[in-house]
Amino acid sequence: LQAFQEREGHANVPSAHVEDGEKLGSWLQKQRTRYKARGLSEAERKVSALSDEDVERLEALGVMWDVLAEQWERMFGLLQAFQERAGHANVPSGHVEDGEKLGVWLSDQRTRYQLRGLSEAE
């Protein structure tokens, strides 16, 4: 993981990534599962919890425990930047902001909102 982080500049290893014959992406997913187990009781745990020392070591490399939440926050930050610059948040569907498909992301957020059974007026 350290070699990957030094080479790529981040520790967000794709789940199928293999490094020097090792299933690094799969291994990292297991560490994330073990991290989540820290918040469960012994009876609820299906895996052993990650130790404080291991958490510190992984965090020092920049491991994100909830990748989807981090991604959402990054996209929301891009939306805020767009809104500040454009004066509105009606991002065109094909708009790319800082290399990210912000328009597609916002469209997905609107779809998710509608699937909750709420209208934008509610």
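Start by selecting methionine 75, which lies in helix α4, where helices are DSSP runs of H or I with at least four residues, numbered from the N terminus. This is a predicted model, in which local features need pLDDT of at least 70 and side-chain atom pairs count only at pLDDT 80 or more, while totals for chains, interfaces and linings use all residues. Residues are numbered from 1 along each chain as its sequence is written, and side-chain values use heavy atoms, with hydrogens and water left out.

At 4% relative accessibility, methionine 75 counts as buried (buried means under 20% relative accessible area, exposed over 50%, and partly exposed in between, with a 1.4 Å probe and protein chains only). Now show what surrounds methionine 75: leaving aside neighbours within four places in sequence, methionine 75 is in contact with Glu100, Lys101, Leu102 and Trp105, contact meaning heavy atoms within 4.5 Å. Of these, glutamate 100 is 25 residues away from methionine 75 in sequence, yet their C-alpha atoms are 7.8 Å apart in space.

Next, select the whole of helix α4 (residues 67–86) together with helix α5 (residues 102–115), which pack at an angle of about 110° with their axes 10 Å apart; the axes are lines fitted to C-alpha atoms, for helices over the stretch in contact, and angles run from 0 to 180 degrees between N-to-C directions. That angle makes α4 roughly perpendicular to α5, a label for angles of 65 to 115 degrees. From α4 the contact draws on Trp72, Met75, Phe76, Leu78, Leu79 and Phe82, and from α5 on Leu102, Trp105, Leu106, Gln109 and Arg112. These residues divide into 9 nonpolar, 1 polar and 1 charged, where Ala, Val, Leu, Ile, Met, Phe, Trp, Tyr, Cys and Pro count as nonpolar, Asp, Glu, Lys and Arg as charged, and the others, Gly among them, as polar.

In the loop between α4 and α5, pick aspartate 98, which is exposed, with a relative accessible area of 58%, and whose phi is near 55°, a positive value in a residue other than glycine.

Finish in the loop between α1 and α2, which holds both glutamate 19 and aspartate 20. Beyond four places in sequence, glutamate 19 is in contact with Ala3, Phe4, Arg7 and Leu24, while aspartate 20 has a phi near 50°, a positive value in a residue other than glycine.

Conventions:
Helices (H or I, at least four residues) and strands (E, at least two) are DSSP runs, numbered from the N terminus. Angles under 35 degrees count as roughly parallel, over 145 as roughly antiparallel, 65 to 115 as roughly perpendicular and the rest as oblique.
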